[in-house]
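Welcome! Please have the sequence and the 3D view at hand.

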2 protein chains.
Amino acid sequence: MVKKNNTTEKLTIFALGGVGEIGKNMYVVQYDDDIVVIDAGLKFPEEDMLGIDLVIPDISYLTENRDKVRAIIVTHGHEDHIGGLPYVLKHLNVPLYATKLTLGLIENKLREANLLGETKRILIDADSELKLGSTLTATFFRTNHSIPDSVGVAIETPEGNVVHTGDFKFDHTPVNDQFADLQRMAEIGQKGVLALLSDSTNAEKPGFTPSERSVGIVLEDIFRKARQRVVVATFASNVHRIQQVVNAAIATDRKIVVIGRSMVNVVAIASELGYLEIPEGMIIEPEEINRIGADRVAILCTGSQGEPMSALSRMARSTHRKVDILPGDTVIIAATPVPGNEKYVGRTIDALFRLGAEVIYSGSNKGVHVSGHGSQEELKLMLNLMRPKFFIPIHGEYRMLRKHAQLGEGVGIDPNNIFLIDIGDTVEIQNGEARKAGKVPSGNVLIDGLGVGDVGNIVLRDRKLLSQDGILVVVVTLSKQDGRIVSGPDIISRGFVYVRESEGLLDEANRVVTSTLQRLMSENVNEWASLKSGVKDSLGRFLFDQTRRRPMILPIIMEV
Amino acid sequence: MVKKNNTTEKLTIFALGGVGEIGKNMYVVQYDDDIVVIDAGLKFPEEDMLGIDLVIPDISYLTENRDKVRAIIVTHGHEDHIGGLPYVLKHLNVPLYATKLTLGLIENKLREANLLGETKRILIDADSELKLGSTLTATFFRTNHSIPDSVGVAIETPEGNVVHTGDFKFDHTPVNDQFADLQRMAEIGQKGVLALLSDSTNAEKPGFTPSERSVGIVLEDIFRKARQRVVVATFASNVHRIQQVVNAAIATDRKIVVIGRSMVNVVAIASELGYLEIPEGMIIEPEEINRIGADRVAILCTGSQGEPMSALSRMARSTHRKVDILPGDTVIIAATPVPGNEKYVGRTIDALFRLGAEVIYSGSNKGVHVSGHGSQEELKLMLNLMRPKFFIPIHGEYRMLRKHAQLGEGVGIDPNNIFLIDIGDTVEIQNGEARKAGKVPSGNVLIDGLGVGDVGNIVLRDRKLLSQDGILVVVVTLSKQDGRIVSGPDIISRGFVYVRESEGLLDEANRVVTSTLQRLMSENVNEWASLKSGVKDSLGRFLFDQTRRRPMILPIIMEV
């Protein structure tokens with residue numbers, strides 16, 4: 001791993017996801033013929049991706065260079081870092097490295113996708129050292145985040161060390177004493193960091209993110225005051241938060257009911273792997289709820305984002321099979337809405353209030369949630385621990401990356417050494433010089449049902465059109481001999497207007513189509529394409545005049 | 001107006017919009033045969049109201065009782081209070097009462113709707129006293145809000161006084177010295193308030209909302225530091241904010257360019273009516289921008305909500321015809337995103353940063369915006385000024401109404417005298433006793449293009465289906481004689497899959513349809529309805545198996 005002078009070999013760093021967006025994190029470090037991938041996440045669809053279930057990164061660069069890919073290293077077990085694995089591993093069977101809880105969560109996912117057997121999985125811990133290919137060595141450092149067992153990665157390359165922070169905050173009073181390894185980070189910084197890739201999620205937020213432990217104090221206080229049942233909704237993956245709910249229940253002598261598929265899953269995995277300490281007999285089944293006093297019960301559930309099918313939303317709508325919210329219950333939503341989910345969360349809160357519950361949420365009590373990402377002072381602390389030569393802000397929308405870049409300048413990094421990248425943009429480092437150098441293929445791969453990548457811009461544009469003003473199908477049969485209209489036009493509409501109330505309009509539309517066809521045919525226009533576009537134009541114009549709407553028009557011309 | 005004892009006459013109060021929602025405010029006070037309507041607003045569609053442009057209240061109660069409606073009183077000129085007027089006045093030609101600026105904004109709206117001539121409009125001021133019918137008298141009090149000329153209304157009825165606050169905050173250092181009339185409010189409270197309807201928008205926010213003037217100080221500071229052009233996007237109706245942008249421009253010797261249709265409109269109306277003081281020669285045309293130095297220009301524009309067609313969004317996308325954002329420009333988004341708009345605003349900010357602008361927004365600098373609605377301490381102040389017997393929180397989602405009710409309890413109102421209502425719920429007051437008493441018709445009337453109320457649940461459900469997985473139209477021609485397939489099936493899909501990449505799937509689908517029809521006809525099933533539902537079922541099942549999608553299927557069977 002000695003650097004050869006003046007070679008053509010170079011270090012290349014880029015993102016296939018996670019920059020210019022929140023989600024589908026995937027970063028690539030390549031030296032010569034050795035490629036290491038960090039994380040393989042998914043993203044939830046933007047509101048203009050109608051009907052799409054999930055979005056993953058375009059990995060064609062990796063599949064084209066599959067022989068060079070030495071490893072996928074996973075920094076922690078959140079969906080935006082592991083959710084793409086079932087799709088990625090299907091096309092790229094390479095060894096997977098992750099810490100214990102992360103691997104536990106991944107294995108659960110791979111089992112569902114029938115990929116567990118064929119995937120090589122290597123358990124690492126903070127002391128692991130991995131030789132990857134002939135040029136790269138990876139070591140790790142523990143960080144604090146809203147899920148246990150999160151790590152940052154340092155990759156030694158012949159050009160120098162590349163550090164990827166993973167998602168992090170600095171929690172000086174962490175739950176379960178999982179401290180961030182400041183000493184290891186300082187040591188890495190001391191040895192010299194060529195390039196730092198660091199989490200920008202909270203780069204807009206001044207100050208320090210409060211400790212997770214502060215939430216525990218608030219929770220216990222609410223549990224103490226509650227005279228009936230307490231329901232706590234939070235992210236299933238936030239094992240520390242779950243531990244604090246358990247602790248509050250212990251302190252106030254309540255049993256716990258766990259509700260929601262992903263919550264049940266995570267509680268099982270985290271308990272089994274030793275990340276969650278729940279006393280024997282503490283957890284009861286939903287069926288047992290009514291056997292004990294309401295002031296002896298705490299319910300831990302999913303639905304903190306108001307997801308319509310989640311446990312909490314069902315309870316709020318009184319459609320949950322096992323649990324009803326009763327007047328006097330206390331419901332804690334221990335999360336903040338992810339941008340885009342505010343309305344769903346608001347609706348859930350309203351519905352719970354209507355049932356007579358007291359609802360405590362971040363809008364009414366800031367103490368019930370803290371972020372898992374470091375704020376500006378923590379980002380500066382990381383920058384100063386690492387003192388990198390080159391800095392690439394990652395994990396954030398463009399404005400967050402840019403704020404993070406400003407923080408970098410603030411602690412003294414040369415602005416010319418800070419790279420704001422989009423997905424696919426490569427940063428090449430050779431002989432101590434870095435530059436932006438072209439693009440690799442990158443983009444959104446849309447997953448809709450079983451289809452991966454079979455829905456693209458045209459399909460989405462059609463869905464958008466259909467969703468706005470619906471569709472009119474115009475069917476007409478022409479005679480082969482003389483081009484006369486044999487039957488129709490028949491107009492069938494969906495998503496356009498109430499047919500019953502708009503009969504006049506549709507009759508009129510019929511006449512417009514008939515007269516258009518008669519006119520065109522009298523002008524000897526008889527290619528179907530021209531007839532169809534004539535019908536589309538004239539009917540479209542008529543409907544827009546009458547309704548100011550532009551439904552999709554699908555003319556179907558038959559010949560007999 | 002002397003109260004007759006033990007009559008069957010009663011006071012009824014209800015909302016046709018504005019409770020359990022933010023938007024389409026419309027409140028009704030009725031005594032005997034006299035009805036007064038307060039405000040007639042619109043609401044922007046929820047995300048599940050696909051293709052809908054606007055939502056207004058169902059006013060069938062008012063049209064059925066049109067002879068009793070004495071007035072529509074409008075408290076201020078925001079869309080959620082005046083936006084429904086063009087639709088309401090078309091069906092209910094009653095006199096309209098509003099203050100000067102409010103009336104100016106309404107008249108602009110009615111002119112566009114060709115309703116100006118036929119609507120009786122009466123200018124009021126804070127000292128007006130209106131006799132409405134034989135039993136009601138309305139007086140007014142000035143409030144502070146994010147638009148000038150806002151008022152609250154006190155309606156004297158034989159049962160007692162009903163007070164409607166309108167939207168309000170208490171701004172002790174208002175721009176343009178438009179003070180809230182504390183003395184008048186105290187006097188109304190002193191005389192006795194039977195029922196108070198009060199704005200709940202910020203009932204979740206502790207403390208006091210800062211003065212609008214605090215924004216002016218921040219703006220001027222940013223203007224001073226900016227070395228090139230300053231662009232300020234804010235709500236067009238926020239005339240005080242606009243005045244402060246003008247003041248900052250004066251203080252830093254900049255000319256102002258006004259961009260965006262509604263901004264140009266409001267600046268013209270507010271200047272003409274004396275609500276905006278802009279020195280002669282201060283405003284220049286967009287075409288003149290490049291004739292003066294970049295440090296001598298401020299651009300005032302629409303688009304603070306990231307609306308895709310707004311001036312700021314166009315500039316951010318570099319598609320504005322007249323103004324380009326240049327590196328080094330400073331863009332201030334002087335607003336917070338309305339829930340649901342966060343992503344649009346975020347995208348606009350990102351795009352502006354990418355153009356090299358410095359962007360200052362509420363996420364990075366809280367000082368560039370303050371709310372127009374009072375926080376908890378102000379709501380309590382209003383409650384204590386009025387000391388009502390009965391309290392009806394209005395203007396808010398359910399959780400806000402509920403928080404407001406708790407504030408009411410906190411200042412000593414009997415919980416039994418606080419009414420949380422949904423739209424249509426009536427509160428009847430008779431002989432000093434109040435009770436919830438049944439419902440009047442109420443709901444959402446959806447406006448799509450020129451159509452008012454012609455889009456309902458079925459159309460929306462179809463649009464939703466179409467937006468998720470698209471549509472397949474299956475056309476097949478059968479022979480009249482023997483039921484044989486003469487031509488087809490032809491399958492045309494939109495919004496389902498890329499046709500080119502899914503030929504195999506569609507060929508297979510074709511075979512499924514053919515064999516289904518042949519099987520049914522061999523079983524002598526030949527009613528079209530049965531054939532169609534057979535095709536729908538078998539094709540739907542096949543496609544779901546293959547793709548996990550459920551496109552709409554529209555079978556069209558022709559006969560020759």
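## Domains of chain A

Chain A is divided into domain 1 (11-207 + 371-452), domain 2 (212-365) and domain 3 (470-559), with bounds that come from an automatic or database domain assignment. Between the C-alpha centres of domain 1 of chain A and domain 2 of chain A the distance is 31 Å. These two domains also touch: 20 residues of domain 1 of chain A are in contact with 15 residues of domain 2 of chain A, where contact means heavy atoms within 4.5 Å.

A word on how to read all this: this is a predicted model, in which local features need pLDDT of at least 70 and side-chain atom pairs count only at pLDDT 80 or more, while totals for chains, interfaces and linings use all residues. Residues are numbered from 1 along each chain as its sequence is written, chains are lettered from A and ligands numbered from 1 in the order in which they are written, and side-chain values use heavy atoms, with hydrogens and water left out.

## Chain A as a whole

How many helices and strands does chain A have? Its secondary structure comes to 15 helices and 26 strands; these are DSSP runs numbered from the N terminus, with helices (H or I) of at least four residues and strands (E) of at least two. Along its principal axes, the C-alpha trace of chain A spans about 90 × 75 × 45 Å.

Of the 560 residues of chain A, 60% count as buried (buried is under 20% relative accessible area, exposed over 50%, partly exposed in between, with a 1.4 Å probe and protein chains only). The accessible surface of chain A comes to about 22500 Å², and 48% of that belongs to carbon and sulfur atoms; such areas come from the Shrake-Rupley method with a 1.4 Å probe, and for residues only the protein chains shown count as cover. Among contacts in chain A between residues at least 6 apart in sequence, 71% join residues at least 24 apart.

## Two residues of chain A

Start with Asp149(A), in the loop between strand S9 (136-142) and strand S10 (151-157) of chain A. Is Asp149(A) buried or exposed? Asp149(A) counts as buried because its relative accessible area is 16%. Leaving aside neighbours within four places in sequence, Asp149(A) is in contact with several residues, including Thr75(A), Lys100(A), Gln178(A) and Tyr275(A).

Lys389(A) sits in strand S19 (residues 388-394) of chain A. With a relative accessible area of 39%, Lys389(A) is partly exposed. Not counting residues up to four places away in sequence, Lys389(A) touches Val193(A), Leu194(A), Ile413(A), Asn417(A) and Gly432(A). Lys389(A) and Pro57(A) are 332 residues apart in sequence, and their C-alpha atoms are 28 Å apart in space.

## A cavity in chain B

The structure holds one cavity of 30 Å³ or more. On a 1 Å grid over the protein atoms alone, a cavity is a set of points where a 1.4 Å probe fits but cannot get out, and lining residues have an atom within 4 Å of a point. About 140 Å³ of space lies in the largest cavity, a volume being the space filled by probe spheres set on the points, which are joined across faces, edges and corners.

Which residues lie nearest the centre of the largest cavity? Of its 20 lining residues, these are Asn144(B), His145(B), Ile147(B), Pro174(B) and His240(B). By class, the lining has four nonpolar, ten polar and six charged residues (Ala, Val, Leu, Ile, Met, Phe, Trp, Tyr, Cys and Pro count as nonpolar, Asp, Glu, Lys and Arg as charged, and the others, Gly among them, as polar). Domain 1 (11-207 + 371-449) and domain 2 (212-365) of chain B both give residues to this lining, so the largest cavity lies between them.

## Stops along chain B

Lys24(B) is in the loop between strand S1 (11-17) and strand S2 (26-31) of chain B, and is buried at a relative accessible area of 0%. Phi of Lys24(B) is near 40 degrees, a positive value in a residue other than glycine. Asp253(B), also not a glycine, has a positive phi of about 60 degrees.

Tyr87(B) belongs to helix H3 (residues 85-91) of chain B. Beyond its neighbours within four places in sequence, Tyr87(B) is in contact with Leu54(B), Ile56(B), Ile447(B) and Val452(B). Further along, Ser479(B) lies in the loop between strand S24 (471-478) and strand S25 (485-494) of chain B, and counts as buried at 6% relative accessibility.

Definitions and conventions
On a 1 Å grid over the protein atoms alone, a cavity is a set of points where a 1.4 Å probe fits but cannot get out, and a pocket is an open set with protein on both sides within 12 Å along at least five of seven lines; lining residues have an atom within 4 Å of a point.
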